[in-house]
Amino acid sequence: MVNLKINNIDVQVEENTTILEAARRNHIDIPTLCNYPDLSIKSECRVCVVEIDGQKKLPTSCSTIVREGMVVNTNSPKVLNARKTIIELILANHDANCTACPKNLNCELQALANKLGIDKNRFPTVLEVQPVDDHNPVLVRNINRCIKCGRCIDMCKNVQSMGVLDVMGRSKDSKITPAYGKYLSDEFCTYCGQCSSVCPVGAIIEKDDTDRVWEALNNPSLHVIVQVAPAVRVSLGEEVGMAPGSIVTEKVVAALKYLGFDAVFDTDFTADLTIIEEGNELIERVTNGGTLPMMTSCCPGWINFAEQKYPEILDHISTCKSPQQMFGALAKSYYAEKMNIKPEDLFVVSIMPCTAKKYEAQRKEMRIDNINPDVDVVLTTRELGKMIRQMGINFEDIQEIPFDKPFGITTGAAAIFGATGGVMEAALRTVYEVVNKEELQDINFTQVRGTDGIKEAEVVLGGQKVKVAVAHTLANAKILCEQVKAGTSPYTFIEIMTCPGGCIGGGGQPYGTTNAVREKRIEATYNVDEDMPIRKSHENPDIIALYDEYLLKPLGKKSHHLLHTHYSSRNK
Amino acid sequence: MIQEKIVSKRFGKVNPLSIDSYIKYDGYKGLEKAVSNHPTQVIDEIEKSRIRGRGGAGFPAHIKARALANASGPKFIVCNGDEGEPGNFKDRMLMENDPHAIVEGMVIMAYATGAKKGYVYIRGEYQNAIKIMKATIQAAEEKGFLGENILNKGFDFKLEVRSGAGSYVVGEEFSMIESIEGKPGRSRVKPPFPTDKGIHDRPTLINNVETFVNFPYIVLVGGEEFAKVGTASSTGTKLISLSGNVKNKGLYEVPFGTSIRDVIFQLGKGVRNNKPIKMVQLGGASGPIIPEYMLDMSIDFDRFENFDSKTGTGAIIVIDDRYDIFDVLLINMKFFVHQSCGKCAPCREGHIQIVNLLNKFKTHRATEKDLMSLENLAKVIQQTSLCGLGQTSMTSIISSLRYFRDDYFAKVRY
């Protein structure tokens, strides 16, 4: 243990603790800007400087390790002045037109300026306005707001192993950009949006599609329906100030009804459907000598990654569309027929924890017979939060309403799609019982739960032991992909999710997502599962009815027409 | 004569491209003596010599050497020949005139520390020095002073030339390490220091060119003998790059303790056209600016530290009264706007605002508030920047505010 004094308070912490951690553990707040939980220490913004007795310079508390007998002052006049001056310098080279920024009131720089009492800037603006990159359907990069904190680089390069973004140029000309100043769309960007979830300001943000939804809702000739992804019900509460991990399933339904949607459905239903189709595909591949290991296909960031970086292994990926797209396809066929609505008069909106879903919905493969898109608009959790605030809905106290029929019944298996390992667990619950023709003793496959980067499990299927694996983040996905590419993969089935923690940690989730928040959302996800009366997809009576009435059989002709897709190499 | 030649003693006497010529002139004698002793004895001699680094910071050389020697596993030695500081040309002169002395100094250090790989990092603009150092390394390898089983003593040391594309900040240790690793020259968070985690996170010793050239001499004559020259806190000699409005510009070697005035008037023969001296900038763009009345100050690490800066690079830039302080400061500060790597906020954004403020003074638009702003901003940049660039770039501003304050008030609009 190390003893030191911070602001005249005696403090004892373990060795190798930073001053910042030591202070925070003792309820002393040191403001930070480039620092972000779970990411590397960058020490670039210099906002967290402190004064240490005997040192002329002001070292950054995020990077300085405590020493025995150290005397630290986090709020001396010298420190406060330095901090304020640095924020003023940053603001002078930042597009500080706050009311014209989507991050207004949700911006860490703005909050910090406010906290430090900055109501005017001693320095004149030196911003040289540069064009905005909005050349893709998902992310908008406004470099004029960028403060070069480096979080997005760290996320893209180190967590996701992509390295799409980096610093180009030096000094005042330095900017964070894809190589050679190209557009994101020119690069191997998977649109996972993790950069946008850690950006402290509004420099990188999902493309706002709320206006398109308002327009559709106000168009009397359209029947506007909406689906809600599994991960949204454990995160949307944070958008309106509720604690991470709050379960708000039926509040979401009520809020969406209030917004004016004609029907509100649960993507969990097509998650169950995915399990039936994908489970049967796995069984077919195993019994008929198909390409193995099979890899999941519900994560659009992962599909973008595979098409661009691993075109050699596309045959391994399940041909099943994602639950979002299965829902859209069913809505524009089965539901439209049932309701006697022309598909072109049906407008399908998705609420997703994800930015890459915006790209997925626009893929040319995602239209039945190449005509109407399965899904018309994708909104992130954050965008729905914005609409709820715009409408002045008192979300916390809203009267709960169940999801609409005919896709009304869902299972716990679908609910856990949102957490890393969830798709695998849901699939195993079904595949085990279908193949072995016996009921599972314990349906909780805990080996595939949790936040380890790569998880493994072994199951007996048809008398044979098979290995399965689960990976989240693209850095971990890469490891499994290399094995598959080399033909050395020991697994039969692999689940891959792009975002840390799975969809609950998606790039479109509420700001402030950290590992601690992810854990809370994961816990809530499994609580939702536990509380469901049915917890296996193949036991969902509405799914059984859908096959009886419409699809006839898994992997059948209709299924292939509506629910399956193909992938192609986009290696640049 | 006030010159005392130790590191420049072979200038003009040896053919830099001939190893035989170097050998004839005591070349590699220091190395031969070093390898006949135990490696720790070599560092002991360096400690006795009390030599401090010649790159600017003046850090005691033996401490770094000892730290590297104590580290196990792969480790590296780097010779810092980036010399980006305006007004300095001593390292270029050493590389171009006596390149084998650098190699010899590095091999001695390799023997003392157990490093097997070294780099000579040379400023991108120094194309001639790059060519000469490459040829020198090859010649030394051929003669068995470098490479495997050096002097049949069973130790290996490989040396390679590296260079940047013209960046001031790679003269800073960690930026240089990044550059050697093939990355853009941007500094890292300190600590850990390079002797703990340098190139590829392995212990790395970085010394200036002039520091390495001193090592063979120290080994040859002994640390105590070396320490007889100079002052108590600064032993040995210093190469001085003398430039500006002075009659005899050039490189001079003087013992520590020599006064700046003697260098300018005895060696430099005074100011051209006998104009009065308005100011002298020491060390380069990152050094202090002092008025004429301070020229009797002696060249000495401890003296220079009074300026909140370390100015051991040994540049003296003389500026006569045709120029005003803002001309000089603006040149310096525009240089830093160009050369900041852009990684940390105070350095990247601060220098731009410093130039804005100085321009207001230059054009008589400044107010007293601007003076306060300038003083405050200069201190914040100095106190909070990540690396040596921002930590020293404000020295000229801060010293000018101390010694030329009237010049500021003369420009303030009331």
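Reply: Leaving aside its neighbours within four places in sequence, Val107(B) is in contact with Leu31(B), Phe145(B), Leu146(B), Ile150(B) and Phe157(B), where two residues are in contact if their C-beta atoms, placed from the backbone, lie within 7 Å. The model is a predicted one, in which local features need pLDDT of at least 70 and side-chain atom pairs count only at pLDDT 80 or more, while totals for chains, interfaces and linings use all residues. Residues are numbered from 1 along each chain as its sequence is written, and chains are lettered from A and ligands numbered from 1 in the order in which they are written.

Val107(B) is, together with Ile102(B) and Ile316(B), one of the residues that touch the most other members of the largest nonpolar core, which has 287 residues. Such a core is a set of buried Ala, Val, Leu, Ile, Met, Phe, Trp, Tyr and Cys residues joined through C-beta atoms within 7 Å, and a residue is buried if 20 or more other C-beta atoms, placed from the backbone, lie within 10 Å of its own. Helix α6 (residues 99–113) of chain B gives this core its largest share, ten residues; helices (H or I, at least four residues) and strands (E, at least two) are DSSP runs, numbered from the N terminus.

Further along chain B, strand β2 (residues 117–122) runs parallel to strand β3 (residues 158–163), and six bridges join the two, strands being paired if DSSP finds at least two bridges between them. Within this pair, Lys117(B) stands opposite Lys158(B). From β2(B) the chain crosses through helix α7 (residues 127–142) to β3(B) in a right-handed β-α-β crossover, that is, with the strands pointing away from the viewer, the path from the first strand over the helix to the second runs clockwise.

On the scale of the whole chain, B is divided into domain 1 (19–227), domain 2 (237–320) and domain 3 (325–411), with bounds that come from an automatic or database domain assignment. The C-alpha centres of domain 1 and domain 3 of chain B lie 34 Å apart, and the contact between them takes nine residues from domain 1 and eight residues from domain 3.

Towards the other chain, 25 residues of chain B are in contact with 27 residues of chain A. On the side of chain B that touches chain A, α13 (325–339), α14 (345–362) and α15 (368–384) each supply at least two residues, and the largest share, eight residues, comes from α14(B).

Key: Buried ≥ 20, exposed ≤ 12 C-beta atoms within 10 Å, placed from the backbone.
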